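The exercises below are to be worked with the sequence and the model side by side. Each task is followed by a solution in steps.

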Amino acid sequence: MLISEAFAQAAAAPTGADFMSLLPLIGIFAVFYLLLIRPQAKRAKEQKLMIEALQKGDEVATTGGQLGRVSKVSGNYVILQIAENVQIVIQKTAIQTLLPKGTLNSIEKE
């Protein structure tokens, strides 16, 4: 025989330690889910609801930093009035924040 019985028995893994060795890995995944995945999914859901609820007259900030008032909502695009007689067409997904009413008026007075 090439391998003695003593070496063959020592190479066998204990049967009860398999599940216990997976507990830290399961714990890491649970913490990862609670701290990263769940809050990000919640923010994405809130952003989607905000974009779907856009209507004429809303004051918004885009991801590029433009502030303006929504003039028209159509399909995947929004016409945004950024100054008097200046309107731009942007995608709905470019809208980052819905501003409180009157924000643009307070900025323009400064």
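A nonpolar core is here a set of buried Ala, Val, Leu, Ile, Met, Phe, Trp, Tyr and Cys residues joined through side-chain atoms within 4.5 Å, where buried means under 20% relative accessible area, exposed means over 50% and partly exposed lies in between, with a 1.4 Å probe and protein chains only. The model is predicted, so that local features need pLDDT of at least 70 and side-chain atom pairs count only at pLDDT 80 or more, while totals for chains, interfaces and linings use all residues. Residues are numbered from 1 along each chain as its sequence is written, and side-chain values use heavy atoms, with hydrogens and water left out.

**Exercise 1.** Describe the surroundings of Thr 62.

*Solution.* Thr 62 is found in strand 1, and at 7% relative accessibility it counts as buried. Beyond its neighbours within four places in sequence, Thr 62 is in contact with Leu 80, Ile 90, Ala 94, Ile 95 and Gln 96.

**Exercise 2.** Find the salt bridges of the whole structure, and state which parts of the chain they tie together.

*Solution.* With a salt bridge taken as a side-chain nitrogen of Lys or Arg within 4 Å of a carboxyl oxygen of Asp or Glu, the search finds 2. One of them joins Asp 58 to Lys 101, with the closest N and O atoms 3.4 Å apart. Because Asp 58 lies in the loop between helix 2 and strand 1 (59-62), and Lys 101 in the loop between strand 5 (95-99) and helix 3 (103-109), this pair ties together parts that are 43 residues apart in sequence. Asp 58 is buried, with a relative accessible area of 7%, whereas Lys 101 is exposed at 60%. Arg 69 forms a salt bridge with Glu 59, the closest N and O atoms being 2.9 Å apart. Since Arg 69 lies in strand 2 (residues 67-74) and Glu 59 in strand 1, the pair ties together parts that are 10 residues apart in sequence. Arg 69 is partly exposed at 26% relative accessibility, and Glu 59 is buried at 4%.

**Exercise 3.** Examine residues 19-37, for which UniProt gives the feature "transmembrane region" in an unreviewed entry.

*Solution.* The span is 100% helix and 0% strand, and its end C-alpha atoms lie 25 Å apart. Leu 25 is found in helix 2 and, at 44% relative accessibility, counts as partly exposed.

**Exercise 4.** Locate Asn 85 and describe its phi angle.

*Solution.* Asn 85 is found in the loop between strand 3 and strand 4 (86-91), and it is exposed, with a relative accessible area of 74%. Its phi is near 60 degrees, a positive value in a residue other than glycine.

Definitions and conventions. Helix = DSSP H or I, 4+ residues; strand = E, 2+ residues; numbered from the N terminus. UniProt positions renumbered as here; feature names shortened; annotations may be inferred. Contact = heavy atoms within 4.5 Å.
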